[in-house]
Structures are given as structure tokens and as C-alpha cells.
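Q: Please show me how to read the main features of a protein model, one feature at a time.

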Amino acid sequence: AAAAAAAAFPGIGQEHALASWSKKRKRPDVELDEQTLNKCTFTPSGNIPKALVVEDSKSTCLLFAKVIAGLGWQTVSAQDGACALQLLASEVYDLVLLDVQLPLLSGNDVVQKFREWETAHRPGCRTAVVMMSGDETAVEVDSAMFEHFIPKPVATTTVTQLCEELGNFRDHKVMVQRVAGIDEKH
């Protein structure tokens, strides 16, 4: 998987292969829009939801990963943008928490390159990406490239609420697809 991921983004951090709607909202709570989430794809039913935490602060990254894992999710973390791209190409995630200001490759570059790759390699699939930054003006990509923006500092209660709401939506969407006889594949 690591070799395939490294091949997906040649020249971008190969040494790390293993390793929102309204940007102006300042609300600490999370209100995910069902219409926006309907565009997202999730891991198949019966699977534990997966989250990728991309944050250059090791302590914040570990804290978020611990909070998310405590909710029953599998978590993977990366501390730079190049590693994040490699991980995104090697696994399907239900949620990506993506810091904007990262070493090697910014969160802006990560989401832009990943969306291009995702369109080419996972047609019809869309991973839920939540951008985070202490500086809202640092988000330089079109808001259509991500599902939500959370201003930093991010409280653990916000991460918990985000995962719970996304998890509930995921479970509901999978149940509706099962009843309708739709088996969504990645």
C-alpha cells in the first residue's frame, strides 16, 4: 500500500509514505449540513469509521486522535502535508481533520491535490474534509473543496460533536442505502 501511495503523488514527500460552508463562522459548535454530507462517501457498513488527523503540533494531534479513538473510531495521524497525501491515497477515511498551516505541504495544497487525485482514482467518492486554522484567511482554496471549517483553537468537545454528528449521519446513510439495495463501494 505504501508503494502505491508513493506512486500516486510522485515527488511529494515519498520519504513520508508510511508515516464550510461558511469560512466566516466563528461558532464553536458544529452544525453539519445534510445536503453537503450527502455528497460524501463513507466506509462500508459494518466497518469501524476511520479518521485521519493532520496537525503539525504533536500534542494536539495525539489529543485529537485519542478523543476520536475514544468514540470508537480508528484513527491515523500525520504531522505534515506530504505524509497526509500519502495516507489519503492508501486508505479511505470517513473524516479528515486537516490543519491549514503544515510543514512540507500546506493544508490548502493537500486538499487541492487530494481532490484532483480522488476524482481520478475514486470516481463518485468524496471524503469529508474539515479544515482547521487559527487564521481564517489562511484558507486559500474554494470552500467547495472541503465540508467544514473550524477556527482554532479547537476544543475537544467540538471534535467529539463533529465525530458524533458525522457518525450518526454515516450510519443513517448506510442504513438508507441498505434498505434501498444500494451497496456503495470505494
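The dialogue below takes up the sheet, the cores and the salt bridges in turn.

A: This is a predicted model, in which local features need pLDDT of at least 70 and side-chain atom pairs count only at pLDDT 80 or more, while totals for chains, interfaces and linings use all residues. Residues are numbered from 1 along each chain as its sequence is written, and side-chain values use heavy atoms, with hydrogens and water left out.

Q: In what order do the five strands form the sheet?

A: Strands of a sheet pair through backbone hydrogen bonds, either parallel or antiparallel. Here the sheet is open, its order is β2-β1-β3-β4-β5, and the pairing is parallel. Strands (E, at least two residues) and helices (H or I, at least four) are DSSP runs numbered from the N terminus, and two strands pair if DSSP finds at least two bridges between them. Strands β3 (residues 95-99) and β4 (residues 128-133), for example, pair over five bridges; aspartate 99 has methionine 132 in β4 as its bridge partner.

Q: Which residues have the most contacts inside the largest nonpolar core?

A: In soluble globular proteins, nonpolar side chains tend to be buried together. A nonpolar core is a set of buried Ala, Val, Leu, Ile, Met, Phe, Trp, Tyr and Cys residues joined through side-chain atoms within 4.5 Å; buried means under 20% relative accessible area, exposed over 50%, and partly exposed in between (1.4 Å probe, protein chains only). The largest core has 26 residues, and those with the most contacts inside it are Val54, Val96, Leu98 and Met131. Helix α4 gives the largest share of this core, six residues.

Q: With which residues does lysine 152 form salt bridges?

A: A salt bridge is a side-chain nitrogen of Lys or Arg within 4 Å of a carboxyl oxygen of Asp or Glu. By this rule there are six salt bridges. Lysine 152 forms one with glutamate 55, the closest N and O atoms being 2.8 Å apart, and one with aspartate 99, at 3.2 Å. Glutamate 55 lies in the loop between β1 and α3 and lysine 152 in the loop between β5 and α6, so the pair ties together parts 97 residues apart in sequence. Glutamate 55 is buried at 2% relative accessible area and aspartate 99 at 3%, whereas lysine 152 is partly exposed at 26%.

Q: Which residues are linked in a network of salt bridges?

A: The network links Arg115, Glu118, Arg126 and Glu147. Within it, the side chains of arginine 115 and glutamate 118 meet at 2.8 Å, N to O, and both residues are buried.
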